[in-house]
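Student: Please take me through one part of this model closely. Start with the annotated stretch, then show me what surrounds it.

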Amino acid sequence: SLTTKLQETFKKLRGKGRLNEKDVKEAMREVRLALLEADVNYKVVKELVSKVSERAVGAEVMESLTPGQHVIKIVNEELVSLMGSGQSSIVFSKTPPTKIMLVGLQGAGKTTMAGKLGQLLKKQGKRPLLAACDIYRPAAIKQLQVVAEKLELPVFSMGDKNSPVDIAKASISYAESNNNDVVIIDTAGRLHVDEELMQELVDVKEAIKPDEILLVVDSMTGQDAVNVAETFNSKLDITGVILTKLDGDTRGGAALSVRYVTGKPIKFAGIGEKLTDIEVFYPDRMASRVLGMGDVLSLIEKAQDAIDEKKALELSKKMMKQEFTFDDFLDQMQQMKKMGSIGDILSMIPGVDSAKMKDVEVDEKEMAHVEAIIKSMTKDERRSPQLLKSGSRRKRIASGSGTKIQDVNKVIKQFEQGQKMMKQFSGMMKNPKKGKFKF
Ligand code: GDP
Ligand code: MG
């Protein structure tokens, strides 16, 4: 029957059993090496490995992947979600100017980034001012002026005789009276973190109360990145991270470490020496780069595509036939419990609005009710749902299943929704140009 055929398909989709501890341990050995090779801090590697192992043991192995590949898939997902969480753009102040302070070690790329960021915001319609608060590095002010001139951005500077606090404060007043709605403050760095530098940055922070304090990190920084990030974050409570020099061949493990230990979002990336070489941060690209398992990752991607297609295809075949009975409904609900909702499956199909799929989801407690109710129906009722228009039948089903008549009504309603959805869907499949799938 159709139901058994569907069941077989679902069985296949469910893959090859669950990951056991041994699978996970073996794969994690490989992952650990990959992360250490990418210069991810060893403490971070350790924590990540244990967190991912916990999640992976017991997970179902996806068809066409080996258990080891499936573990790597999970690691990759964890990395993407870790690096992707948090506000990833500039948070503008309600009362301009928005004050953005760039901090970091010497050579990290702050001055270059001040220009790049200014140019990016200017393109977005802002009127940024760059403020020169590095009074130590020889020619630092000149460097900022050269950058700004190329980008036709204004620079505020007071030479190197005033304190960074005074310069920062004055730059804000200047912005206010010159209609600049963003001030990007370029600060000094040191080769290593030191007390004096930190105190100076804390003083600037106190004086101007920045909206954003962005830690600029050279992605080629190795194991030391964690200490640097921890210090800057603990002293300044940064609001985000900018990675520079991602155009190099570094795997960028520092990025991951910094994100992990600070918990602050990575907002932008510097991808070259040119002043246009800036982009918003792409967590998925960074994850595959750090993990460095290109072949495995593209294989996983392909497997994912194949499985999505297969799920969608099987379901759509069934829908085309428009044979949807209470037996199918029950069967489907049971499958959903194992593999996510029908909404998830449908939302993989272009043109389907996944937000609208929420109503179709089943919760576990409800499942038991639904099952009892459907099992209290006669064979005929299940196959010919129109019979259930009769109130006495509904009453009988309610008492048979130990539920209330309202519960029975609710299940019938859900069923009808499902049926309607199937019809619309099959219409769409037959005539895809007809447009969006509506509820
Ligand atoms: P600061 O000391 O933090 O202000 O760093 P700078 O902005 O002076 O940059 C230090 C060096 O790194 C300069 O030679 C920059 O041209 C270079 N640099 C900055 N960002 C990038 C980037 O994204 N890619 C590359 N390849 N070089 C960069
Ligand atoms: Mg500089």
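**The annotated span and its setting**

Tutor: Residues 265-278 have end C-alpha atoms 16 Å apart, and the span is 0% helix and 43% strand. Helices (H or I, at least four residues) and strands (E, at least two) are DSSP runs, numbered from the N terminus. An unreviewed UniProt entry annotates residues 265-278 as "domain: SRP54-type proteins GTP-binding". UniProt positions follow the numbering used here, feature names are shortened, and annotations may be inferred rather than shown by experiment.

Ground rules next. This is a predicted model: local features need pLDDT of at least 70, side-chain atom pairs count only at pLDDT 80 or more, and totals for chains, interfaces and linings use all residues. Residues are numbered from 1 along each chain as its sequence is written, while chains are lettered from A and ligands numbered from 1 in the order in which they are written.

Now the ligand. Ligand 1 has 18 residues around it, and G109, K110, T111, T112 and G270 come nearest. A residue counts as near if its C-beta atom, placed from the backbone, lies within 6 Å of the molecule. Helix α5 (residues 110-123) gives the largest share of this shell, three residues. By type, the shell has three nonpolar, 10 polar and five charged residues. Here Ala, Val, Leu, Ile, Met, Phe, Trp, Tyr, Cys and Pro are nonpolar, Asp, Glu, Lys and Arg are charged, and the others, Gly among them, are polar.

Next, the inside. The protein has 439 residues, and 39% of them count as buried. Buried means 20 or more other C-beta atoms within 10 Å of the residue's own; exposed means 12 or fewer; partly exposed is in between, with C-beta atoms placed from the backbone. The largest nonpolar core has 89 residues, of which L102, A131, I184 and V217 touch the most other members. Such a core is a set of buried Ala, Val, Leu, Ile, Met, Phe, Trp, Tyr and Cys residues joined through C-beta atoms within 7 Å. Helix α2 (residues 21-37) supplies the largest share of this core, six residues. At least three residues come from each of domain 1 (17-86 + 293-298) and domain 2 (98-280). Those bounds come from an automatic or database domain assignment.

Zoom in on I184. Not counting residues up to four places away in sequence, I184 touches I100, L102, A114, L117, G118, P128, L130 and A131. Contact means C-beta atoms, placed from the backbone, within 7 Å.

Helix α11 (residues 283-291) comes next. Its buried residues are M286, A287, S288, R289, V290 and L291. A287 has its C-alpha atom 8.8 Å from that of E78, 209 residues away along the chain. E78 sits in helix α4. E78 is partly exposed, with 16 other C-beta atoms within 10 Å. Just after α11, G292 takes a positive phi of about 60 degrees.

Most residues other than glycine have a negative phi, and most peptide bonds are trans. K209 has a positive phi of about 45 degrees, yet is not a glycine. K209 lies in the loop between α8 (195-208) and β5 (212-218). P96 and P97 are joined by a cis peptide bond, with omega about 5 degrees. P97 is in the loop between α4 (67-84) and β1 (98-103).

Conventions:
Two residues are in contact if their C-beta atoms, placed from the backbone, lie within 7 Å.
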